[in-house]
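Welcome! Take a look at the model first, and then we can go through it together.

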Amino acid sequence: ADEVDASRVFASRVEKIGHSVLEKSKGVLLASGFPLERTQVKVELGSEDPAEDILRRAQEESISTVALGRRGLSKIERFLLGSVSNKVAHYFKGGTVWIVDTPVHESQKVLLAVEVIQDCLELTRYAGEFFGSIPDLQFTLLHLIPPVPPALWDDGHILSPEERKDRKAHAEKWRLGWMEQAEKYVAEGRDFLVQKGVPPENVTASIVPTREGVASDLINEIEDKHYEIVLIGKKSFHKKTSYLLGNRANKILHKAKGVILCLLDFL
C-alpha cells in the first residue's frame, strides 16, 4: 500500500511539473500572438516509448508539424538508436519535424537547403507560410550542384586529346543545363518569398558546385554562417536503408548544431 501511495504521489508531482512547464510554454505562444483558442495543454503519464506515443498522437490528430528539443547531445548520444528526436524525425510521415537544439544561434538567418531542385518551391512555400511574416529574417536559398555524372568521366581507359576535349564539352553542357534549371527553380522560390512579404533584399540565392560532398558542404555552410533555422527535405528517409546510414538529410540531422532543423516530408 505504501508503494502504491508513493507511486501516486510521484505521478501527481510529475503531472504538476508537466503542467507548469507547458503553461509557461503556452504563455510564450500567447505573448507571441497565438490566439488562445488555438493553444492546448496536454500531459500524458506512463509513456514507455515517447517517440511511438508522439507518432501515434500525430497520426490520430492529423498533426502536420511536430517540434522536439535536443539539448546538448554528445556525438555518441546523437547516434543512439533510441533517441526520441531521431526516431520521430525518421518515422513521422506526411508532415514536418522541427528539431530544436539548445542553445540555438540567434542570427535571424534562415537556410533553405535545396537538395532536389524540383522541391525548391515546396521549401519556400513552407518557409513563407511559417516565417515570411517575421521581421528581419534573412533567407538564403542554397543549391549545391552535384558532381559530374560517372558517364562523363572516362571509359576506363586513357582518353586521347580528342576524347578529352569531347568529354570536357559534354561535361560543360551538362553543368550549364543543370545550372539553368536550378536558376529557374530558385528564382521562382525567391519570388514566392517576396510575395509572402519578405523584403527582396532579405532573400539571397546561391547555386554553387559541390566541394567535399553535398552533406558535408551543407554542414560547413551551417557552421560557418551560424544559421538559426535550416529547412531541408527528408523524403529519402522512407527508403529501406540502415537506420544509422542515411541520406544527406540524415547526416545533417546528426551533425548540425545550434539550429532549428526543419525536416519537410514531400509526398
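In this predicted model, the side chains of E61 and R57 meet in a salt bridge, at 3.4 Å from N to O. By the rule used here, the count of salt bridges comes to 12.

**Around E61 and R57**
- E61 counts as partly exposed because its relative accessibility is 39%.
- R57, at 22% relative accessibility, also counts as partly exposed.
- Both residues belong to a network of salt bridges that links K42, E44, D53, R56, R57, E60 and E61.

**Around K87**
- K87 forms a salt bridge with D49, at 3.0 Å from N to O. This pair links distant parts of the chain, 38 residues apart: K87 is in helix α4 (residues 84–91), while D49 is in the loop between α1 (2–31) and α2 (50–60).
- The side chain of K87 also meets that of E52 in a salt bridge, at 3.2 Å from N to O. E52 lies in helix α2 and K87 in helix α4, so the pair ties together parts 35 residues apart in sequence.
- K87 counts as buried, with 19% relative accessibility, whereas D49 at 27% is partly exposed and E52 at 39% is partly exposed.

**Helices α5 and α6**
- The axes of α5 (residues 120–131) and α6 (residues 161–195) come within 9 Å and cross at roughly 15 degrees, which means that α5 is roughly parallel to α6.
- The crossing of α5 and α6 is right-handed.
- C120, L121, T124, R125, A127 and G128 in α5 meet Y185, V186, E188, G189, F192 and L193 in α6. By class, this contact has seven nonpolar, three polar and two charged residues.

Notes. Residues numbered from 1 in each chain as written. Predicted model: local features only at pLDDT ≥ 70, side-chain atom pairs only at ≥ 80, totals over all residues. Heavy atoms only, no water. Axes fitted to C-alpha atoms, helices over the stretch in contact; angles between N-to-C directions. Helix = DSSP H or I, 4+ residues; strand = E, 2+ residues; numbered from the N terminus. Parallel < 35°, antiparallel > 145°, perpendicular 65-115°, else oblique. Left-handed = near helix turned anticlockwise from the far one by under 90°. Contact = heavy atoms within 4.5 Å. Nonpolar A, V, L, I, M, F, W, Y, C, P; charged D, E, K, R; others polar. Salt bridge = Lys/Arg side-chain N within 4 Å of Asp/Glu carboxyl O. Buried < 20%, exposed > 50% of the residue type's maximum accessible area, 1.4 Å probe, protein only.
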